[in-house]
Amino acid sequence: MRSDRRQSAPTGLKVAAACGLLFLHLPILLIFVYAFTTEEKSYQWPPPGLTTQWFAVTWNRPDVWEALSLSVEVACISTVIALVLGTLCAAAVSRTKFFGRETVSLLVILPIALPGIITGIALRSAFSLAEIPFSFWTIVLGHATFCVVVVYNNAVARFRRTSGSMIEASMDLGADGFQTFRYVVLPNIATALLAGGMLAFALSFDEVIVTTFTAGQQQTLPIWMLEELIRPRQRPVTNVVAMVVVLVTLLPILLAYYLTRDGDQIAGSGK
Amino acid sequence: MTITSAPAVDARKAILPSSGGVRGALSDSFWRKPKLLLLLMLLPPLLWLGIVYIGSLIALLAQSFFSIDEFSGLVNHELTLKTYRDLFQPSNLDIIVRTVTMAACVTLASIAVAFPIAYYAARYARGRWKALFYLGVMLPLWSSYLVKIYAWKLILAKEGILTWFLAKLHLLWLVDAWLSLPVVGGNSLSVSFTGTFIVFVYVWLPFMILPMQAALERVPGNLVEASSDLGASPGQTFRTVIFPLALPGIVAGSIFTFSLTLGDYIIPQIVGTSRLFIGQAVYAQQGTAGNIPLAAAFAVVPIVIMGFYLWGAKKLGAFDAL
């Protein structure tokens with residue numbers, strides 16, 4: 001900003017912006033209320049009574065635990081793969097100019113730029129052509145592919161801010177390439193990688209569209225929820241799971257934000 | 001850092017003597033041949049994305065040129081345009097037109113709702129408020145997609161909070177009048193196109209706000225002042241200075257809302273009518289119908305539409321705003 005003075009906003013604008021933010025947040029807050037309702041059969045508002053019994057019921061449901069653990073496993077492995085591939089790609093793209101550099105960044109962004117259903121049906125037709133049976137690894141394959149981009153975005157932004165002269169200085173002072181990576185590059189990009197990893201985890205943990213095409217009989221937590229949305233069995237359990245999912249995804253996002261907030265580009269702006 | 005002539009190499013050797021050991025040798029050869037290092041860094045991600053992703057896209061394209069044998073239900077692996085002929089049946093064209101219309105409406109509504117938030121956050125919010133606005137957009141963006149849809153199922157249900165709230169305001173007749181309209185109406189909001197539309201706008205809104213805000217932040221404040229110094233009214237300043245400069249950001253946001261609406265199949269399935277969207281058609285064809293070729297052909301439609309959309313967006317400079 002150059003020479004602009006600070007003025008207060010017109011009232012109409014303030015009201016419209018506030019309404020917009022309320023529109024974004026009220027529906028999510030509503031989930032928290034419904035997790036405590038005593039009503040079992042319908043979505044009645046206001047809740048006829050409040051109870052915490054559904055937390056205990058949910059805790060004792062093995063299907064919820066199985067779905068949760070599958071989701072966490074898939075998200076962890078996809079995140080690790082995405083961290084390795086995304087960092088390598090970001091390092092290559094930001095350190096050097098080479099022929100086809102734009103194509104590489106387009107290739108990384110494509111899985112998330114095209115609608116998820118295309119990634120899903122593409123993987124599915126590839127599996128069907130290659131006669132690969134659905135398994136844990138087919139889910140990971142899909143997830144890692146679109147998680148690369150969030151790690152890549154975070155790492156590229158950080159590499160851009162990290163001056164190349166530090167690497168040269170390290171080399172001049174006698175460090176070899178590996179030492180430079182370990183003691184100069186890595187500490188500089190560590191928080192960006194951590195933030196990217198958390199976002200990748202959150203993305204994978206929540207993904208449903210691609211997963212419906214790449215999972216066989218296995219249920220990740222989002223697939224479990226989708227089943228419950230289409231054919232509700234026990235609505236209060238769904239309410240509790242929904243609330244827990246909101247809380248579980250909230251933490252990595254907040255952490256990713258705090259890890260990168262000093263930078264000029266903050267993590268998560270490109271989902 | 002390329003070494004071109006032989007004396008330079010000798011000088012380099014004198015300055016940087018070889019380090020010992022395998023690790024040292026490896027490190028030295030990376031330093032002497034940056035291209036090798038670059039290749040080694042690029043190879044794993046390119047192999048992964050090339051094989052898994054581009055390979056799958058090619059498989060998808062290939063499938064769309066196969067056809068299904070109507071009697072046996074097996075995929076016939078011979079190249080043919082029959083599946084595309086099936087795609088252009090009137091009932092399928094309806095699905096495509098319906099989806100594109102919905103995507104356009106959702107995009108326009110998102111622009112209208114997102115603009116005040118982006119404008120306030122970019123031009124007025126400072127310090128703590130700025131962070132608050134940022135998190136206020138980021139948290140809904142990253143909140144679970146299914147939970148957001150579920151929340152709207154709760155809100156739009158007949159016994160839900162919206163009906164209760166409107167009943168308190170004595171405005172229920174308004175909803176009933178709206179629901180009695182053709183096309184947008186239905187039995188209740190949760191089984192009408194209006195419901196689908198609201199949920200789409202809600203779920204994709206953050207994708208519109210962020211690029212819009214980024215573009216508005218890049219509009220220099222002194223241009224706005226110059227405009228008003230030169231006698232433009234606030235409305236004129238907005239139309240002739242702020243809006244044209246923010247347009248690339250708006251187009252960038254619209255890429256997301258448009259593309260995401262084109263490909264979604266879960267929202268119309270959970271909140272909406274029984275009339276299909278492209279995504280649902282893809283899902284139904286590959287699942288219950290077992291017609292992967294037609295599903296693939298359907299999936300090519302959003303790719304083609306987005307191809308044209310991105311080409312237009314590039315002309316408007318939207319990629320610099322991403």
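Colleague: At which residue does α3(B) bend?
Modeller: In this predicted model, a helix is a DSSP run of H or I with at least four residues, a strand a run of E with at least two, both numbered from the N terminus. The bend at a residue is the angle between axes fitted to the seven residues ending there and the seven starting there. In α3(B) that angle is about 35°, a proline, B:P44, follows within four residues, and the bend is at B:L43.

Colleague: What confidence threshold applies to local features, and how are residues and chains labelled?
Modeller: Residues are numbered from 1 along each chain as its sequence is written, while chains are lettered from A and ligands numbered from 1 in the order in which they are written. As the model is predicted, totals for chains, interfaces and linings use all residues, side-chain atom pairs count only at pLDDT 80 or more, and local features need pLDDT of at least 70.

Colleague: How many residues does each chain give to the contact, and how many of those in chain B come from helix α3?
Modeller: Two residues are in contact if their C-beta atoms, placed from the backbone, lie within 7 Å. On that criterion chain A gives 74 residues and chain B gives 78. Within the side of chain B that touches chain A, the largest share is from helix α3 (residues 34–64) of chain B, with 17 residues.

Colleague: How many residues on the side of chain B that touches chain A are charged?
Modeller: Ala, Val, Leu, Ile, Met, Phe, Trp, Tyr, Cys and Pro count as nonpolar, Asp, Glu, Lys and Arg as charged, and the others, Gly among them, as polar. This side of chain B holds 57 nonpolar and 16 polar residues, and the charged ones number 5.

Colleague: What ipTM does the predictor give, and which element of chain B has the lowest confidence?
Modeller: The complex has a pTM of 0.84 and an ipTM of 0.83. pLDDT is the predictor's confidence in each residue, from 0 to 100, and chain B averages 84, with 92% of its residues at 70 or more. In chain B the highest mean, 92, belongs to helix α5 (residues 90–123), and the lowest, 57, to helix α1 (residues 6–15) of chain B.

Colleague: Which helix of chain A has the highest mean pLDDT?
Modeller: Chain A has a mean of 84, and 94% of the residues score at least 70. Among its elements, helix α4 (residues 101–113) is lowest at 79, and the highest value, 91, belongs to helix α3 (residues 62–95) of chain A.

Colleague: Where in α8(A) is the kink?
Modeller: Helix α8 (residues 177–206) of chain A has 30 residues, and a straight helix would reach 44 Å, but the end C-alpha atoms are only 38 Å apart. A kink of about 55° lies shortly before the proline A:P187, at A:L186.

Colleague: Is A:G197 buried or exposed?
Modeller: A:G197 is also in helix α8 of chain A, and beyond its neighbours within four places in sequence it contacts A:T79, A:L83 and A:V151. A residue is buried if 20 or more other C-beta atoms, placed from the backbone, lie within 10 Å of its own, exposed if 12 or fewer, and partly exposed in between. Because A:G197 has 23 such neighbours, it counts as buried.

Colleague: What is the radius of gyration of chain B?
Modeller: Chain B has 15 helices and 2 strands, and its C-alpha atoms fill a box of roughly 90 × 75 × 35 Å along the principal axes. The radius is taken over C-alpha atoms, and the globule rule is 2.2 Å times the number of residues to the power 0.38. For 322 residues a compact globule would come near 20 Å, but chain B has 27 Å.

How values were computed. Expected span 1.5 Å × (residues − 1).
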